[in-house]
Amino acid sequence: MKHLAYKDHFHLSDSDLQKILHVALSRGGDFAEIYLEHKSFSLINMEEDIIKETSESISLGLGIRVNSGDKTGYAYTNDISIEKIKNAALTAASISSESSAQDPTSFCPTPLPHNFYPVLDPAHLASLGDKISLVRQTYDAAQKFDPKIKKVKASLVDQIQHVRIVNSEGLSIADGRPLVKLVCLAVAEHSGKREAGYCGGGGKVGLEYFRHVLTPEGIGQEAAKESLHLLEATSPPAGEMPVVLAPGHSGVLIHEAVGHLLEADFIRKKTSIFWDKMGSQVGLPTLTIYDDPTLLNFRGSYNVDDEGTIPKKTPLIVEGKLVGLLQDRLSSRLMGLPETGHGRRQDFTCIPIPRMSNTYIDKGEYDPEEIIKSVNKGFYAQKFQGGQVEDSGKFTFSVSSGFLIENGRLTSPVKQATLIGTNIDILNKIEKVGADLQFGFQTGTCGKEGQAVPVTDGCPTLKISRMTVGGQS
Amino acid sequence: MTKANAGSPLKALAENLVMFGRSHGADEIEVTILEGTEFSVDVRLGHIENLCEAGSRGLSLRVIKDQKTAHASSSDLDKAQLENLVANAIKRAELAGRDECGGLPHLRKSQIKASALLLYDPEIPVLDPNKKIELALETERIGLSDKRITNSHGASFETRVIRTTLVNSSGFSREYEETFCSLGLGLQAGETDNKVEGSWASTQRTFKDLETSEKIASTCIERTVRQLHPRKIQTQAAPVVFEPPMTSWLLGFLFACVSGNAIYQKTSFLTDRLGDKVAGDAIFVSDDGLKPGLLGTTPFDSEGVPSQRTQIIERGILKNYLCNTYAARKLNLKSTGNADGGGIGPHNFYLHAGTLPPQKIISTLDEGLILIRTIGHGLNPINGDISRGAFGLWVEKGEIVYPVSEITISGNLGSILNSIEKIGNDLEFRSPIAGPTIKISELTIAGA
């Protein structure tokens, strides 16, 4: 197993960086940081039976942050001449207007204490030919699955991101992060109806993942199956009813209904509905939720967050009680609470903010079969397009496919429904938690304040006693 | 401002790279350089939270060899690096499939002058940072001065200046500069477990056209507090009035469904429907990249095809799809100048205004919903299905009686287009996709 160690692309000496930190603190800020990032990205697209597009992209730049109390000054540049960088440092420094300059502590590089993404066969070093054949296998598997499959798209996206963080408190740490995703979209047509199915996999993995964990054939076939399933599906009933969430993909619910609202910035600003509920019982005792950036090879994992903090598995809700927050550096300082290593950013142009990584509901004790059997008439939500939440706790998530539950059994397939609720209300309606914890596709991206970061969600089978289902009939 | 044919250093860089590509085996090559500066300030509860200022540039290119295409991009504009990137792309192109629809557009003569389109405001690059900060502070201050407001998401002021340079091997070589500024506010009202939230922003190319702090704050307050103390309603089918931002949202979905890429890929329910009656007689939808000063206006698209005005729906009949060069060749049509990177983008895509004041439309609701916000996903272009979480105001006998939340609306774009009963006179181009107030005869609303 390899560790993809940080590779420098900046040719800036430690003393250069130290000088830049000096400039950044020259107007009296109390913290300065340089985030150096180099990312190379490759994309292969197959459509209409040909490799339609290959793309290679390189991005290089650095961001300079200066904190002065709760204020942040930020500047970035992708022109990495010392002159330009010093200008950027001065711009960021102007957030503070004190006359006394601080001296940064000199740093010495800290090695990473662990590697959460060991890989055998790094995608960014593989030949384009090998990667194209993965895409082809995916494509062919979907297309040959059934004559009703009329159109397929398959693509492989991989990147390697090298980040280094140095700050005025003497920290210097670096990480090399792989990220791979192989996805397939299949469109099935039959008697005038047309439906699309999706499947994908990957993570912070090497290409061996597509031999040992999820094969290209598996991904292609699953997308095809999904589109065929949807051809048979009808619109769900509309109204309030019991809802059972399938394991894995339904983790989106917890990402929206709980995760976002426990990001420390929303708590600190008292905009989150949870701000005054720390330590209180917000759900039934069967409910335990974690965010864990340390899961091996997961898409949302990282060895070090984007501010240089070593991440921890963070309990958010334990046995129904609100116990933890997702912290970044600034919020943890302002709130006087420990850091959890959840300060993330999309890229060097962005200020780090508290974000989720891999968020999941821990397994409970119910047999999933029993959970379904306990519902007389309801909705089984299986796959999701995504969700959205507001600080007030109102959230929705969009179900792309599922089933009706009638007399304790899954019956007719159902498509395109929106579930809506308020988190405080729903948490108290999660009646039963299954023993079958699973994670959704390793292809998800979460957006907040215009910044996209890779994440995963997971959960076991769940029963929600009542929830509003938006359908058409 | 941009002077015609005044070559900037970046244009020279792009031209050299095109020549390098041609002499190293590319049949065709296109180089785009974006150079920009950005300023943004976020304030909250009377203090600066974040202040960001930066400049950046990036180059993207595509090469075509033997009808095979490869793309590349880089933020490192070092000449040797870029030449390496081009050489690699030429090699990579050989591994792609041969595609006779690929390649650059033929050069079209264009009389459009960027300067006539009013894309650039010379005031924006020289705005005093303190003035920008003060505007954000002032907007929030007015918002918080209303007693019903209990918390703030903060106010932001942002400016951007972008120079686009496009050079290709078919003889196209032009550049233009544009500016944007935007001022926005987010507020909360209500107590801890019964919070509601609202936001409002104004985005313009010209600083003097921006809405005032007072206007933005008062709109934001009104849009927030009107949601206080919502009720749930019973599941039912009812008429729904869309406020302009909601009509724009619906049109965004229509845009995705008439985009040439979705059409040739057959992932839109409007595939193979040109010339069909797809909407009511009163429906006219256009895309017009030439309207001076608007957010979706541009002299040429990302392939150098001149912008134009395209009729999408006329008297309910589907007249055109929006295409880049590739989709147009796939569909045997002509590019409408809507190329946007590899995709297709809107250039002021709008539903033509009607004659009714919005208040008049609401007064025709005997019982129904005014849709004010939606959240979530739930748009499926392949069949036109819509299903979204929604917030609204319930109307009885033409009067708003209470706000509603925790509902979803669902319907189908195909049927909605045929059930737009009334169209308002309040069309405003607040984004590159815009529409006035409309009334839909019936949608399913899921509630209790």
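Leaving aside neighbours within four places in sequence, which residues is B:Val240 in contact with? Point 3 gives the list.

1. **Ground rules.** This is a predicted model, where local features need pLDDT of at least 70, side-chain atom pairs count only at pLDDT 80 or more, and totals for chains, interfaces and linings use all residues. Residues are numbered from 1 along each chain as its sequence is written, while chains are lettered from A and ligands numbered from 1 in the order in which they are written.

2. **Domains of chain A.** Chain A has domain 1 (14-231) and domain 2 (239-470); the bounds come from an automatic or database domain assignment. Their C-alpha centres are 23 Å apart. In the contact between them, domain 1 supplies 38 residues and domain 2 supplies 27 residues. Two residues are in contact if their C-beta atoms, placed from the backbone, lie within 7 Å. Elements giving two or more residues to the domain 1 side include strand S1 (31-47) and helix H5 (216-231) of chain A. Helices (H or I, at least four residues) and strands (E, at least two) are DSSP runs, numbered from the N terminus. The domain 1 side has 16 nonpolar, 13 polar and nine charged residues. Here Ala, Val, Leu, Ile, Met, Phe, Trp, Tyr, Cys and Pro count as nonpolar, Asp, Glu, Lys and Arg as charged, and the others, Gly among them, as polar.

3. **Cores.** A nonpolar core is a set of buried Ala, Val, Leu, Ile, Met, Phe, Trp, Tyr and Cys residues joined through C-beta atoms within 7 Å. A residue is buried if 20 or more other C-beta atoms lie within 10 Å of its own, exposed if 12 or fewer, and partly exposed in between, with C-beta atoms placed from the backbone. The largest core has 128 residues, and B:Val240 is among those with the most contacts inside it. Helix H5 (residues 244-258) of chain B gives the most to this core, eight residues. Beyond its sequence neighbours within four places, B:Val240 is in contact with B:Gly368, B:Leu369, B:Leu371, B:Ile409, B:Ile440 and B:Leu443.

4. **Where the chains meet.** Chain A brings 63 residues to the contact and chain B brings 58 residues. S2(A) gives the largest share of the chain A side, twelve residues. That side divides into 20 nonpolar, 29 polar and 14 charged residues. S3(A) and strand S2 (residues 47-65) of chain B run parallel, joined by six bridges. One pair is A:Tyr74 and B:Cys52.

5. **A sheet in chain A.** Six strands form an open sheet in the order S10-S9-S8-S13-S21-S18, with mixed pairing. Strands pair if DSSP finds at least two bridges between them. Strand S10 (321-322) and strand S18 (438-439) are at the edges; each has a single partner strand, so one side of each lacks a neighbour in the sheet. Strand S8 (residues 289-291) and strand S13 (residues 358-361) run antiparallel, with three bridges. There, A:Ile289 stands opposite A:Ile361.

6. **Two backbone angles to check.** Most residues other than glycine have a negative phi. A:Gln416 has a positive phi of about 45°. A:Gln416 sits in strand S16 (residues 409-422) of chain A and counts as buried because it has 28 C-beta neighbours inside 10 Å. B:Asn332 also has a positive phi, near 60°. B:Asn332 lies in the loop between helix H7 (325-331) and strand S11 (339-340) of chain B. B:Asn332 has 8 C-beta neighbours inside 10 Å, so it counts as exposed.
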